[in-house]
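Me: I want to go through the labels on this model one by one. Set each value against its cut-off, please.

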Amino acid sequence: MFGPLPDIWFTDADGTVDEEAADRYRETGEVWAEWNCSPAPGDPETAPKRKKVTIR
C-alpha cells in the first residue's frame with residue numbers, strides 16, 4: 001500500500017544496516033523483528049523509584 005520499507009527498518013541503534021535482513025525482505029516481502037521492551041539504564045522516560053512515605 002505504501003511501497004517498500006526503507007533501510008531504516010533494518011538499521012540498528014549504531015546506524016548499521018542489517019543487509020541480510022534487508023535482502024531477505026526484498027526477496028520474500030517478510031520482516032522478522034525482535035526487541036527488548038525494557039527501558040535502557042538511564043532512560044529519562046523510566047519511571048522514578050517509589051519511596052515509602054509515612055504520614056503522622
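Me: What makes Arg-24 and Glu-20 a salt bridge?

Reply: The closest N and O atoms of the pair are 4.0 Å apart. A salt bridge is a side-chain nitrogen of Lys or Arg within 4 Å of a carboxyl oxygen of Asp or Glu, so the pair counts. A caution on sources: this is a predicted model, where local features need pLDDT of at least 70, side-chain atom pairs count only at pLDDT 80 or more, and totals for chains, interfaces and linings use all residues. Residues are numbered from 1 along each chain as its sequence is written, and side-chain values use heavy atoms, with hydrogens and water left out.

Me: Why are Arg-24 and Glu-20 about one helical turn apart?

Reply: They are four residues apart in helix H1. A helix here is a DSSP run (H or I, at least four residues), numbered from the N terminus.

Me: Why is Glu-20 called exposed?

Reply: Its relative accessible area is 61%. Exposed means over 50%, buried under 20%, and partly exposed in between (1.4 Å probe, protein chains only). Arg-24, at 22%, is therefore partly exposed.

Me: Which other salt bridges does Arg-26 make?

Reply: Arg-26 meets Asp-7 at 2.7 Å, N to O. Arg-26 lies in helix H1 and Asp-7 in the segment before H1, so the pair ties together parts that are 19 residues apart in sequence. Asp-23 also bridges to Arg-26, with the closest N and O atoms 2.9 Å apart. Shared partners join Asp-7, Asp-23 and Arg-26 into one network. The total is three salt bridges.

Me: What makes Ile-8, Trp-9 and Val-31 a nonpolar patch?

Reply: Patch residues have over 30% relative accessible area and no salt bridge; nonpolar side chains (Val, Leu, Ile, Met, Phe, Trp, Tyr) are joined within 5 Å, like charges within 9 Å. Ile-8 has 61% relative accessibility and so counts as exposed. Together the three have about 340 Å² of accessible area, by the Shrake-Rupley method with a 1.4 Å probe, where only the protein chains shown count as cover for residues.

Me: How do you know that the lining of the largest pocket has no polar residues?

Reply: The lining divides into six nonpolar and four charged. Among the lining residues are Trp-9, Phe-10, Asp-18 and Arg-24. Ala, Val, Leu, Ile, Met, Phe, Trp, Tyr, Cys and Pro count as nonpolar, Asp, Glu, Lys and Arg as charged, and the others, Gly among them, as polar. A pocket is an open set of points on a 1 Å grid where a 1.4 Å probe fits, with protein on both sides within 12 Å along at least five of seven lines; lining residues have an atom within 4 Å of a point.

Key:
Helices (H or I, at least four residues) and strands (E, at least two) are DSSP runs, numbered from the N terminus.
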